[in-house]
Amino acid sequence: MIPVRKLVTRSIVIGLALGCAVVVEAPAASAAYATLAPTTWAYTDSHQPKASFVNPSVDVPVGTRRDADGNAHTSRFYFTYDLTSLKGQVVHQATVYAPERSVTDCAVEAPVELWRTGPIKEQTSWKRAPAELERIGEQTLGGVGECPSGFGYDVVPAVNAALARRDAKITFELRIPQARETDPALGRTFRNRPSLTISSNHPPTIADARLESPDAGCGTRNRPSKVNHYSTLAAKVSDRDQFAFLSGQFATWPVTDPQQRQEIGGSSYGDGTVRGNPDLSAHPHGTVLAWAARGYDNQDYSAWTKPCYLEIDREAPTKAPVVISTTYPETVDPSSPVDGGGPGVPGKFRFDAEGDRDVVAYRWSDGSGIVERVAARRPGGPATITYTPRRDGPIWFRVTALDAAGNAGPEREYEFYVRRTAPGVTVDVAGLHLPSTVKMQSSAPEATGFSYQFDGGPEVRFPAVNGAGQAEVTFTESGYPQLTARTYARNKVIGVTTTTIRVDDAPNVESADFSFDREGVVGRAGTFTFRPRNTEITAYTYSFDHGEQQRIDAAGDGSAVLTWTPVEAGYQTLWVRAVRADGAVSESTGYSFGVIDPRPGVYSHDLVSWPRRDGVGQPIELQFDTRMPDVAGFVYKVDDGPELSTPAEFGSARVTYTPQRAGDHTVVVQSRHLDGTLSPAREWPFQISSGPIVTWIEEPDGDGGQTGQLATFRFQPGLPETVEYRYTFSYGEEQTVAAGADGIATVTYTPTNPGYQPLDVTSVSADGTVSETRMFSFIVRDPLVWVSGQYADWRTWGGIGVPGSMSFSTQLFPEVVEYRYQINDGAEQTLAAAIDGVTTHFSITPDRNGENLLRVRSVTAAGQFSPVTEYRFLVGTAPLVTSTDYPSNVWAGGVGVPGTFVFSDGTPGIVEFTYRVDGEEPITVPADAEGRASVVYTPTTSSVHYLYVSGKKADGSTTDESQFMFLVNL
């Protein structure tokens with residue numbers, strides 16, 4: 001490996017000549033890379049002191065060598081680079097690399113020096129060598145490692161210094177140190193054109209520094225910009241390099257104490273503008289600050305801008321502004337007469353600070369979400385706005401005077417009333433090329449006329465009679481034109497409204513037989529009437545629910561009557577288009593209506609549930625429904641049974657049927673009308689499951705049993721001559737049990753796991769017929785007590801003496817009346833079970849660190865004990881923090897109100913506590929003999945605060961950290 005000295009070792013490897021490499025810095029994306037070759041190179045020879053060897057094409061000697069006659073030749077190597085391409089840049093990596101071509105003795109370590117020298121000239125020779133200006137450094141070659149190798153050296157300082165001097169070129173020299181220069185063992189040759197590898201960057205430039213919020217420019221020392229707590233500083237950053245990631249810095253300092261200079265970062269948002277928000281809260285009112293900005297491109301900073309100045313102003317204007325409007329005067333009585341004004345009628349409002357020169361602008365809002373700012377004509381002067389109400393009724397203006405810093409003074413509330421003068425508008429759109437009617441009305445007594453205007457077209461005026469008027473308009477194309485309607489009092493507009501209407505030529509569809517008020521009936525014919533909404537209509541196309549499209553010719557007046565008989569019930573939509581004589585088709589009209597079936601409907605929820613509940617001997621409910629009017633009841637029979645009847649209520653009835661056999665059944669039902677007539681019959685087939693009927697004999701009040709508790713189940717047949725049952729519990733192994741003479745069998749089962757337990761049962765008849773499977777599930781409850789809370793086995797929490805909220809719960813609720821529990825080796829305690837929920841809450845206060853053991857069992861009202869639950873939990877060493885002044889998680893106290901906080905417990909042997917509030921510096925206080933301490937803290941802000949506390953023992957170990965949240969009132 002090449003022995004390289006003073007090289008920056010980062011992460012990018014740049015390949016150089018002869019396959020050698022130099023490790024260089026990994027710059028940002030804006031960096032430019034270049035490998036420069038020398039423009040001129042030369043060497044000198046002491047044996048030929050006046051000879052010039054400029055730009056030789058052979059390898060260049062350095063050090064001393066002997067020729068065939070034994071003459072000593074001592075040489076030095078010079079090479080020059082053109083730096084003009086780096087003008088205006090900052091060099092971050094610059095490495096000179098000269099590959100060796102031959103070495104006299106690789107076993108000998110050779111020190112090689114690098115110098116910066118004067119320029120190479122045509123007469124450069126040993127006698128006229130370039131002047132050595134500065135020794136840059138030295139590198140040892142040979143001795144160990146690869147040989148020949150090469151000379152590589154970091155020359156960043158030398159190159160940047162040359163650029164700072166505005167040197168166009170830089171010349172380097174390779175030589176053996178003078179004390180050993182005549183030693184032939186150190187002689188070597190180098191490639192005649194060493195490389196200079198450069199990584200450089202154009203530093204950014206910055207301009208246009210300004211106070212952006214509030215918008216106040218740069219500010220001078222004598223006329224600083226005014227700001228309050230919040231401000232936004234901005235400047236424009238530019239960069240000549242592509243892909244530069246621009247950001248910046250802002251510095252602020254009091255002009256009277258520059259040592260208090262603070263710097264913050266700034267962010268760019270794509271256009272090169274960098275913004276920053278300094279914290280000015282610590283500076284008192286009247287402080288004058290200077291500030292400056294500089295840009296950054298992830299490599300280099302620009303120069304700082306010249307200072308701008310701002311002054312802290314936290315004194316707001318003291319008076320609310322005066323608000324005046326002649327069009328909309330202030331009023332508190334909506335019934336009082338007001339001249340002028342109305343929705344859509346602009347009015348001027350004047351805001352006046354009455355000469356308070358601190359006021360430079362006004363902020364106003366109208367309660368609708370509009371919040372705007374208007375500048376005063378001069379400091380302390382008025383401002384005028386034009387405001388156009390969009391509605392009638394009361395409107396509240398809220399106006400505030402602003403000073404140059406953005407401080408807002410008292411708010412002025414100005415209420416005015418906008419009369420209901422805008423016209424109410426309806427447009428009866430007849431279609432296209434047909435006269436439509438625009439109707440308007442206004443309650444303004446002085447209204448003499450109206451006007452309409454579509455999409456900014458010509459305004460059409462027409463008279464008002466008794467506050468109403470109408471005019472005709474003919475639309476020639478479909479769309480959504482915007483209508484502007486105005487009310488006039490003679491030639492003065494007193495009210496404006498705008499609305500958007502729908503214009504189309506979709507035909508009108510009417511029907512007395514199929515409508516919202518009258519549903520169609522399957523098999524009963526009815527008619528639809530189509531009417532045109534365009535001229536020259538010759539036919540209509542139509543379809544039901546986008547089905548097959550059909551056509552009907554129009555009569556002479558463009559209308560058509562369609563007769564139709566529905567064949568199925570349901571909600572349907574008739575789609576209709578009109579066809580003109582030229583073949584053009586209108587937009588479509590969708591006409592929706594309902595069709596009912598004269599036959600009643602039948603439904604049974606018991607036959608669709610899963611798992612199935614129906615079976616032989618199991619009653620099922622049948623529901624009959626009809627939407628036909630005038631139905632008094634229903635007549636029905638099941639299979640070949642007797643005909644039965646049941647009254648209807650609101651067209652519906654429910655009956656119960658208990659099947660005596662499994663398999664297929666049919667119910668036939670008819671509606672009986674008030675006049676005694678019957679509807680067509682509905683035949684509704686249904687099937688009864690042949691699965692056995694399963695009953696859990698001991699199920700306690702439907703709450704389920706317990707693990708370990710014997711359960712007995714009875715199987716009753718669904719098929720005749722049942723001789724055997726096959727069954728499985730919880731998907732286990734299939735078992736069989738013989739049926740008794742009555743076809744009934746019982747089995748027992750002791751569940752070991754809680755939760756839902758499936759039981760699948762089939763029956764087998766004497767002839768081998770197998771029934772359907774009955775899927776029966778039952779709940780097995782877990783008698784163990786469940787424990788949860790702040791102290792858990794998966795995390796360490798709290799400490800000795802730190803109470804934690806815990807809870808017991810059980811699936812045996814509400815049978816459980818109390819819990820018996822024991823912590824570690826302590827006495828057993830009794831806790832009454834909650835009666836308002838399944839969870840019983842309590843608190844524990846540990847007396848030891850590390851793992852703790854809680855044992856608990858429940859007791860039922862019958863005196864039965866559950867198995868013992870063992871619950872292990874981890875207790876930390878965090879101190880207990882309490883405060884009566886600021887209880888945890890409770891709003892209390894206030895800004896400037898001191899509070900006492902007590903630290904205790906957590907673990908024995910605490911000698912001191914360390915605490916901090918939010919991000920403040922930590923403070924250490926000693927503990928008393930009982931391992932306690934108390935501190936007083938006075939909040940300075942109203943908000944949520946966090947107090948962090950840890951303890952320290954005599955052996956230097958520290959406890960866990962407590963986090964105590966307290967809330968400070970305003």
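## Charges, overall form and the helix of a predicted chain

The mean positions of the 83 positive and 114 negative charges of the chain lie 12 Å apart, where Lys and Arg count as positive and Asp and Glu as negative, with His and the chain ends not counted, and where a charge is placed at NZ of Lys, CZ of Arg, CG of Asp or CD of Glu. This is a predicted model, in which local features need pLDDT of at least 70 and side-chain atom pairs count only at pLDDT 80 or more, while totals for chains, interfaces and linings use all residues. Residues are numbered from 1 along each chain as its sequence is written, and side-chain values use heavy atoms, leaving out hydrogens and water.

| Property of the chain | Value |
|---|---|
| Radius of gyration (over C-alpha atoms) | 49 Å |
| Box filled by C-alpha atoms, along the principal axes | roughly 145 × 100 × 75 Å |

For a compact globule of 970 residues, the radius of gyration would be near 30 Å, by a rule of 2.2 Å times the number of residues to the power 0.38. Of the 970 residues, 47% count as buried (under 20% relative accessible area, with a 1.4 Å probe and protein chains only).

The chain has one helix and 75 strands, taken as DSSP runs (helices H or I, at least four residues; strands E, at least two) and numbered from the N terminus. In helix α1, which spans residues 156-164, the buried residues are V156, A158, V159, A162 and L163, and their cover includes β8 (90-103), β10 (132-141), β11 (150-154) and β12 (169-175). Just after α1, R166 takes a positive phi of about 65°.

Note on methods
Buried means under 20% relative accessible area, exposed over 50%, partly exposed in between (1.4 Å probe, protein chains only). Contact means heavy atoms within 4.5 Å.
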